Amino acid sequence: QVQLVESGGGLVQAGGSLRLSCAASGRTFSSYGMGWLRQAPGKEREFVAGVSRNGRITDYADSVKGRFTISRDNAKNTVYLEMNNLKPEDAAVYYCAATLNFGLRGTYDYWGQGTQVTVSS
């Protein structure tokens, strides 16, 4: 089992940047594929980005490709989401999640509590 705690959300102007972090507990962090998903009010939760166990494979939603970067540091049990050129439509609660599956867009087994990202226009 793994516990996840996100940080780094906040209010930013359109065009600005934020870096989200997700700290994981436990000694098996490198056994999990990691992802960031988001949910805006009135919308379904959607996949944003994912990174494989060793960090070599990443996947992004088309809406964030070229603007967001996911990375992980297995020595620090942490996954990051660097968000640049933020748009008002990026505003949402961002969740960090861990999966035992090999696919990064499938079901996630463990979730953090979420961190709010607000983008002003």
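Select S31 to begin: its relative accessibility is 34%, and S31 therefore counts as partly exposed. Here, buried denotes under 20% relative accessible area, exposed over 50%, and partly exposed the range in between, with a 1.4 Å probe and protein chains only. The structure is a predicted model, in which local features need pLDDT of at least 70 and side-chain atom pairs count only at pLDDT 80 or more, while totals for chains, interfaces and linings use all residues. Residues are numbered from 1 along each chain as its sequence is written, and side-chain values use heavy atoms, leaving out hydrogens and water.

**First stop: around S31**

S31 is placed in the loop between β3 and β4 (33-39). Strands, like helices, are DSSP runs numbered from the N terminus: a strand is E over at least two residues, a helix H or I over at least four. A contact requires heavy atoms within 4.5 Å. Then select N74, which is 43 residues from S31 along the chain. The C-alpha atoms of S31 and N74 are separated by 9.7 Å.

**Second stop: the whole chain**

The protein chain contains 11 strands and zero helices. Its radius of gyration is 13 Å, close to the 14 Å that the globule rule gives for 121 residues, so the chain is as compact as a globular protein of that length. The radius is taken over C-alpha atoms, and the rule is 2.2 Å times the number of residues to the power 0.38. Along the principal axes, the C-alpha trace spans about 40 × 25 × 25 Å.

Of the 121 residues, 45% count as buried. Among contacts with a separation of 6 or more, 57% are between residues 24 or more positions apart. The accessible surface comes to about 6,300 Å², and carbon and sulfur atoms hold 46% of that area. Accessible areas come from the Shrake-Rupley method with a 1.4 Å probe; for residues, only the protein chains shown count as cover.

Select β1, β3, β8 and β7. These four strands form an open sheet in the order β1-β3-β8-β7, with antiparallel pairing. Two strands pair if DSSP finds at least two bridges between them. The edge strands are β1 (4-7) and β7 (68-73), each of which pairs on one side only. From one strand to the next, the twist averages 15 degrees; axes are lines fitted to C-alpha atoms, for helices over the stretch in contact, and angles run from 0 to 180 degrees between N-to-C directions.

V5 has A23 in β3 as its bridge partner. On β1, L4 and E6 form the covered face, whereas V5 and S7 form the uncovered one.

C22 lies in β3 and C96 in β9 (residues 92-99), so the pair ties together parts that are 74 residues apart in sequence. The link of C22 and C96 is left-handed, with -75 degrees about the S-S bond. Both C22 and C96 are buried.

From β9, move to β11 (residues 115-120). The covered face of β11 holds T115, V117 and V119, and its uncovered face holds Q116, T118 and S120. β9 pairs with β11 in the antiparallel sense over three bridges, and V93 stands opposite Q116. Next, select β2 (residues 10-13), which pairs with β11 in the parallel sense over four bridges. Here V12 stands opposite V119.

**Last stop: two asparagines**

Select N77, in the loop between β7 and β8 (78-83). N77 is not a glycine, yet its phi is positive, at about 50 degrees. With a relative accessible area of 18%, N77 is buried. Finish at N85, found in the loop between β8 and β9. N85 has a positive phi of about 50 degrees although it is not a glycine. At 42% relative accessibility, N85 counts as partly exposed.

Terms used: Disulfide = S-S within 2.5 Å.
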